[in-house]
Structures are given as structure tokens and as C-alpha cells.
Amino acid sequence: MGHEAGELLKRLEYRGYDSTGASFIGADGAIRLLKKVGAPSRVVPELGIDQEPGQRFIGQVRWATYGAVTDVNSQPHHVRCKVEIVGAHNGNISNTDALKPALTAQGHAVVSDNDGEMITHLTEAAYAGNLAEPGPALAACRAAYSAAGLKAAIPDEAFLLLDAARKADAKAEGSYAAAFADPKAPGVVAVKSGSSLYAGLGTDAHGEFVVVSSDLTSVLSKTRMLIPLSEGEGIWFTEREYLVFSLGKELAFSVPRPKRSKLNVRDTGLRAPFHYFMEQEIASVPDNLDEVLRYYFSAPETEGLFAAFEDRQDLCKAMVGKVLALYEAPDESALAKGFKALQVDPVHQELAARVKPHADALRARQGHPVSDERQLLVDLGRLDPQAPEALALFDLLLVWKKQRRVTRHLQELVQAIRETQKEGGRVFLVASGTSYHAALVAGTFFNNLAGVAVFPCNPGIFRSMYLNTLQPGDLLLGITQSGETKDLVDIFTDVRARVPALRRISLVNNENSRIPQELSEFYLPILCGPEIAVAATKSFLNQVAILYVLAASFSLTERKIAANLERAKGLITDTLKMCGTDVEEAAKRLYLEPSLHILGTNLIGLAREGALKIREVVLNHAEGYDAAEFKHGPNTILGKNTLFSIQDLASLLEVYEQHRDGRPFAGGIEALKAWPELVETRFSNYPLLFVCPSEERDVRITISQIHTHKIRGADILLIAERNPELAAAVSGRPMGQDRYWSKYIEVPSSGDPNLFVFAASVALQRLAFRMSVLKMEYLDRLTVADHGVHPDAPKNVSKSITVD
């Protein structure tokens with residue numbers, strides 16, 4: 001049990017970590033709780049979590065919201081005030097401040113400030129009440145169970161505990177997922193109340209198991225058979241049985257059949273030659289753009305075949321439905337049997353006969369499935385290697401069906417924006433973090449390519465500046481990687497409540513999440529696959545690509561847009577190849593700088609995103625500004641200031657050693673008065689990183705800003721296409737500035753300022769990645785404890801922010 005628990009906890013580290021905890025329940029009903037501040041990679045071996053025995057396990061990797069980062073605030077929580085249970089949660093209980101004194105007054109020993117303890121005590125209290133007077137709860141549960149037509153025996157304690165979880169949920173305000181167990185009763189109860197929760201059923205060397213997690217990748221590391229769970233549902237489970245129940249007022253039970261996941265753990269694994277997920281995900285961007293090209297555009301090599309599909313949509317849709325039904329096969333034997341049945345199905349045979357004129361397109365796809373169901377098709381090919389033609393046909397049918405939906409929704413969104421503009425409405429692009437920066441870049445695209453004004457804003461800006469001004473003719477386009485970001489979920493629900501007629505559409509990567517499935521009229525997929533590193537890289541570029549497609553649809557033909565996206569893909573590939581040496585030199589110069597500014601000429605979104613990447617993974621202060629705006633105040637940071645780096649500290653210590661000549665070395669201000677060179681010689685130039693498109697006006701502005709700032713004590717780094725005037729401005733050393741340093745990272749020529757964004761983005765991402773690795777290695781050599789610098793899982797940040 002311990003080994004499995006340790007591996008599952010480590011898989012949660014990328015989501016953000018402050019502390020790690022594990023509770024084990026043995027065969028004797030004893031609870032063993034191990035928890036401590038720190039990341040799973042350190043805490044698991046340190047506490048021996050991976051060596052613990054047990055039959056049941058509840059673990060948690062905390063990204064702190066309620067309660068300081070301390071051992072006592074870490075989860076799980078083992079409580080025994082009324083009855084003994086153990087519990088943990090992910091998300092937030094927003095009425096924690098009111099619950100803590102109320103629970104204390106009821107006799108609970110509340111030992112932390114953590115909201116996970118509050119939901120555990122609420123469940124404990126309700127469970128104790130149910131055990132004391134089981135009649136009403138058991139009667140209600142048995143009636144609902146019978147109404148569902150279910151007959152398998154369920155222990156009374158399971159009903160009483162899941163009923164307690166429902167009662168606790170009714171008193172808790174917020175969005176969370178949680179798990180609870182009574183060590184003396186079988187099974188575990190978990191609830192999905194506004195935050196992600198996934199359940200899987202499988203078998204390994206130790207026998208059958210059910211695994212539940214707020215993170216899909218950890219479930220996929222154990223099994224690909226997923227138990228469907230919807231928002232507002234909970235699940236009671238043992239190692240081999242489970243029961244899904246509803247939260248809210250109306251109690252209902254079900255035992256939904258497990259379905260095979262479209263994803264495999266390999267989709268979320270690290271592959272050679274990469275050592276970090278961030279590195280792997282940056283390198284995967286060209287392949288992800290292929291997905292955008294596949295689903296947002298028709299391809300010449302499949303046009304004839306897809307036209308044949310259109311002629312018999314009825315047959316094609318029926319066949320797709322039959323293929324997707326294979327996901328419900330409970331095991332590989334049933335999967336193989338279902339595949340055999342499909343091959344002799346009359347619908348398949350008629351389709352196979354109809355597409356014979358397009359045999360070349362089918363042959364080209366054999367052995368290389370590319371649809372969303374590629375993993376299912378790979379499994380089918382392994383079970384029956386003699387059916388490549390059928391698999392190729394299925395793959396192309398699946399691509400056709402999704403492509404026709406995506407292109408229809410793209411056209412519908414373009415038309416909706418046209419109508420909004422015509423009626424005097426406003427188009428709001430609302431997003432958080434990296435997605436917000438993609439929205440800012442999209443504002444440039446819409447200005448340049450569509451002549452349409454859009455309003456990019458994060459949820460805070462939208463709520464404070466626009467929410468009370470909304471009209472039915474406005475349009476909301478939410479942009480989100482996870483589809484679960486709490487800030488954006490709240491905007492969608494508020495807008496729906498205030499202005500029901502306002503159109504709500506989303507651009508999202510996780511297509512099965514709440515925003516696209518429950519809160520949007522329709523959505524466009526980002527199509528970049530799972531992203532493991534906390535810092536968004538490939539999802540940012542796919543968002544930018546689709547937003548480019550959307551804006552360009554107002555002025556360019558489909559063929560021209562697709563050709564431009566192919567060029568963007570080539571620019572990214574060439575940038576990664578040709579800029580590696582220059583990026584490495586820049587990273588070595590910058591990774592210990594305590595602060596820098598990225599100045600985007602006409603590209604504020606890109607500047608802010610580059611700065612965010614450095615802040616996230618290097619933990620150095622970085623700001624993104626419009627290049628011309630920097631002179632209006634922020635430039636005061638140039639010249640002498642009080643920013644010193646770790647290297648500067650080392651140099652000060654060297655000076656101290658030089659002055660140990662028998663004279664007393666006073667500390668503090670007296671030392672600075674005695675040896676003013678301690679400060680005077682430590683001042684250094686401040687790094688400014690310019691990002692400049694090829695437009696003549698942008699070049700002129702950038703040259704002016706470079707000259708303005710380098711004479712005031714700035715070192716200059718420039719990311720731009722080849723331009724002799726820019727090169728001269730960067731390399732020219734100001735008189736009296738002997739320490740001046742400069743670097744020109746030349747990206748491949750695009751001939752299009754809009755496409756320049758793709759090359760510059762990947763250069764900035766690669767720079768942040770290399771700075772992070774260099775700083776991490778440096779701090780490790782210094783044996784700095786808990787420094788938190790890591791390109792995949794830096795401290796204090798989380799991949800999916802599901803709290804307010």
C-alpha cells in the first residue's frame with residue numbers, strides 16, 4: 001500500500017504543493033497518519049510513507065488557502081471528537097471562519113485553521129448523529145436505493161457515512177472535493193462538490209482496487225477504466241464495489257458502468273530525451289499545432305473521403321456511435337469481442353464498400369491513428385493486428401465527425417462576433433493567468449486582422465469594470481486550459497444569472513470540464529493534450545493559434561489561414577533549433593538577476609506572459625510592460641538602486657574577507673560608512689528584455705527606447721527578427737558604460753508581425769525554462785533548503801486554481 005500511496009502523492013506534486021500527508025487504515029481498523037510541510041518528492045521518503053502497510057489510503061498534497069503552511073494545517077485530518085474518522089479535501093470551504101467557532105462550541109477539538117478540518121468535523125458530527133439514531137437516515141437511503149432498482153447488499157455504515165457527507169455538504173459553502181473514512185466500517189466516501197474528482201476501477205498484482213483522485217493523471221497511472229462522476233455527486237467504494245449518490249436535496253443512487261479513458265498514462269509521462277515536463281511541452285508545440293490544423297481546416301488528402309462521409313452522414317454517425325460504445329467494454333476480452341462484432345457489422349461493411357475509391361487516404365492512415373480515440377484504436381490494433389483497414393476507417397470517421405463540429409462552431413462564433421459588432425455590442429475575452437495573456441495577444445490579432453474591437457480582461461477586471469454594464473447583445477468568450485478555474489466559473493454563472501440572453505462561449509482544453517459542458521452555449525477545443533508542468537507553455541501557443549484563426553477568419557481565406565499556421569509551426573521549430581545557443585547565453589546572464597522587465601513593442605500580452613513564465617519557474621521578479629510605457633515611471637529602477645542578487649552577496653563577503661586585517665569590522669551602517677565600496681561597486685546595470693515585431697513603426701519605437709534606457713544603466717536583451725538598425729542599437733556601448741552587456745536573439749523571419757508572436761513566444765518560454773534549471777542547480781549546490789525553484793512544480797503555484 002505504501003509504495004502505491006507514495007507514487008500517487010508524487011503525481012500530485014505538479015499541481016502545486018505546500019505540504020504532503022497520508023493516512024493509512026489497517027486491517028485492525030487503526031489509523032496511521034503521516035504528514036508534514038514539503039513536497040511529496042521529499043516528504044514521502046522522509047516520513048516513510050512509501051513503506052507503510054494498510055488496506056485503505058487517503059492522501060493529500062496541499063496548496064494552501066485556509067491556514068498557514070504548517071504541519072498541523074496539512075491534510076488529511078484524523079478527528080475523534082464524536083466518532084473516529086479521517087478526511088481530506090481539495091478546494092475551499094469559504095465559510096470556514098464561521099464554522100470554526102461553531103464547531104468548537106459543539107465540542108469539537110478544532111486544532112488547525114485549515115478548511116479541510118472543518119469539512120471533516122462537519123461530516124464527523126453528522127455521522128455521529130446518524131450512528132446514535134440511524135433510523136431516519138437508513139430509511140431514506142434504503143428507499144432511494146430501492147427506487148434505483150439496486151439490490152446488492154450495502155453495509156449500514158456506508159449509508160450512514162454517505163448521508164453524513166451529504167449533510168456536511170449542505171452546511172459547507174464553497175467548491176471542493178473530499179474523501180472520508182470510518183476505520184471501523186468498510187470503504188471510503190468521496191464527494192464532488194464544485195471541484196474535480198475522478199474515479200477508476202482496476203486490477204493489479206495485489207488484486208482489485210478503486211482509486212479516486214482530484215487529478216485525472218494519478219487515476220490513469222493505475223487504470224484506464226473510469227467510473228463516471230458528475231458534478232454534485234459522491235461515491236462510496238471498497239476495493240471491488242462502488243455506489244454513486246447525489247448531493248443536494250434529492251437523494252438518488254446509481255452504479256454507472258465504467259468507461260475506458262481516452263487517455264493513457266503515457267500521455268502524461270516524461271519521455272526521452274527530456275528531463276523536465278516544461279522542456280517536453282515546449283518541444284511538443286509543433287505537433288500540437290498539427291492538431292489545430294487537423295480539426296479547424298479541411299485537408300486536401302482527405303477532402304474526397306470526407307465528402308463521401310457527408311453523403312452518408314447517417315451511416316457514418318451510426319458507425320462512430322458503435323466505435324465509441326467500445327469504451328464501455330469492462331475488460332480486454334469484451335473489447336476484443338466487440339471489435340470483432342464491428343468488423344462484420346452491416347453498417348461497417350457498407351461504409352467500407354463506399355470508401356474503396358479513397359483507398360489511398362485509408363492506407364496512409366493505417367498504423368498511425370490521430371483522432372481523439374487514438375489510444376482505443378491502438379488497443380484494438382494490439383488485440384487484432386489483422387484489421388488495419390477497419391481501424392484506419394474508424395480513425396478517419398472520428399476525425400471527420402469532430403472536424404465538422406469544430407469548423408461549424410468556429411463559423412458560428414465568427415458570425416456571432418459579426419452580429420455583436422453590427423448591433424453595437426461588445427466582445428469580452430475573459431481569462432486568468434496565461435490564458436488572459438493569450439486574450440491580450442488576441443486583442444492585437446483582432447485589431448490587425450479583423451478590424452474588430454475586443455475587450456480582453458481577467459475576471460477581476462471584468463467584474464469591477466463591466467459586469468454591471470452588460471447588455472443582451474454583448475458576447476462572452478471565456479478562455480481556459482482546465483475549464484474549471486473558479487474565477488472564470490463564477491463569471492459564467494454570474495453572467496448567466498444577470499443577462500440570460502448574453503451569448504456565452506468558451507475556448508477550452510479539458511473538453512469534459514464544467515465550463516464547456518455546463519456553462520457554455522458551445523465551445524472550441526484547444527487541442528494540446530494534457531499539460532503536466534505548472535507553467536502553461538503548449539496550451540498558451542495553441543490558444544494563440546486558435547485565436548489567430550478566429551481573428552484571421554474576418555479577412556483571410558481558409559487556405560491562407562491554414563498556410564499561415566503552417567508557417568507559424570515552422571517558425572517555432574526553427575526558433576528552437578537556431579536560438580538555443582543565444583538563449584542559453586542569455587539565461588546564464590539573467591538567472592540570478594533579482595529583477596528584470598520585459599518590454600513588448602505593441603505586444604503587451606506577450607511581454608506579460610514572458611514575465612509570468614520567469615516569475616513562475618525562476619522565482620525572480622519580472623514585469624511585462626508595453627515598451628513605450630516603460631519610460632512613464634518604471635524607468636526609475638535604472639541606475640543606482642537597492643536590488644542585490646545572491647552573487648552580489650557573495651562578492652560582499654569577499655570584500656569582508658579582504659578587510660580582515662586586524663581592524664574591527666563593524667556591521668550594519670558603520671561597515672558601509674567605513675568601506676563605501678561595499679555598496680558602490682555592487683551596483684550593476686538593470687536588464688531590459690525587448691520583444692519587437694518587424695513593423696517599421698515598432699522598430700523605430702524600440703530603437704528609441706533602447707537608446708533612452710541603456711544610457712541610464714540598462715543592459716539590453718532583444719528578441720526580434722534580423723534588422724541591422726536594431727542590431728546597431730543593441731550592440732552600441734554607451735560612453736562610460738564599461739559594464740554594458742547586450743544580446744540580440746534573432747528569431748527566424750516571418751514577414752508577418754502577427755506570426756512573429758509564435759517565434760517570440762517559444763523563445764521566451766525556452767529562456768524561462770533554462771533560467772529555472774540554472775537557478776535550481778545553483779541553489780541546490782548552495783544547499784538552500786526549500787528554495788522552491790523547479791521548472792515543473794515551483795512553489796506557491798497550482799495548475800488548476802479551483803478556489804476563490
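Which strands and which helix make a right-handed β-α-β unit? I found that S15, helix H17 (residues 433-450) and S16 make this unit.

**Entry 1: basis.** I worked from a predicted model, in which local features need pLDDT of at least 70, side-chain atom pairs count only at pLDDT 80 or more, and totals for chains, interfaces and linings use all residues. Residues are numbered from 1 along each chain as its sequence is written, and side-chain values use heavy atoms, with hydrogens and water left out.

Entry 2: I took helices (H or I, at least four residues) and strands (E, at least two) as DSSP runs, numbered from the N terminus. A crossover is right-handed if, with the strands pointing away from the viewer, the path from the first strand over the helix to the second runs clockwise. I noted that strand S15 (residues 427-431) and strand S16 (residues 454-457) pair in the parallel sense over 4 bridges; two strands pair if DSSP finds at least two bridges between them. I recorded Pro-456 in S16 as the bridge partner of Leu-429.

I then looked up Val-454, which lies in strand S16. Val-454 counts as buried, at 13% relative accessibility; buried means under 20% relative accessible area, exposed over 50%, and partly exposed in between (1.4 Å probe, protein chains only). Leaving aside residues up to four places away in sequence, Val-454 touches Val-427, Leu-429, Gly-443 and Phe-446, where contact means heavy atoms within 4.5 Å. The C-alpha atoms of Val-454 and Ile-417 are separated by 9.5 Å, the two residues being 37 residues apart along the chain.

**Entry 3: the open sheet.** I traced an open sheet of 5 strands with parallel pairing, in the order S21-S20-S22-S23-S24. Its edge strands are strand S21 (621-626) and S24, each of which pairs on one side only. On average, neighbouring strands of this sheet are turned by 15° against each other, direction ignored; axes are lines fitted to C-alpha atoms, for helices over the stretch in contact, and angles run from 0 to 180 degrees between N-to-C directions. Strand S20 (residues 595-600) runs parallel to S21, joined by 6 bridges, and Gly-600 stands opposite Asp-626 in S21. I saw that H29 packs on the sheet, touching strand S22 (686-692), S23 and S24, with its direction at about 155° to that of S24.

**Entry 4: salt bridges.** I searched the whole structure and found 48 salt bridges, each a side-chain nitrogen of Lys or Arg within 4 Å of a carboxyl oxygen of Asp or Glu.

Glu-350 forms one with Arg-354, with the closest N and O atoms 3.5 Å apart. Because they are 4 residues apart in helix H13 (residues 346-354), Glu-350 and Arg-354 are separated by about one helical turn. Glu-350 is partly exposed at 33%, and Arg-354 is partly exposed at 44%.

Arg-503 forms a salt bridge with Glu-521, with the closest N and O atoms 2.4 Å apart. This pair links distant parts of the chain, 18 residues apart: Arg-503 is in strand S18 (residues 503-508), and Glu-521 is in the loop between helix H20 (514-519) and strand S19 (522-525).

Glu-746 and Arg-722 meet in a salt bridge (3.0 Å, N to O). Glu-746 lies in strand S24 (residues 742-746) and Arg-722 in the loop between strand S23 (714-720) and helix H29 (724-731), so the pair ties together parts 24 residues apart in sequence. Glu-746 is partly exposed at 23%, whereas Arg-722 is exposed at 66%.
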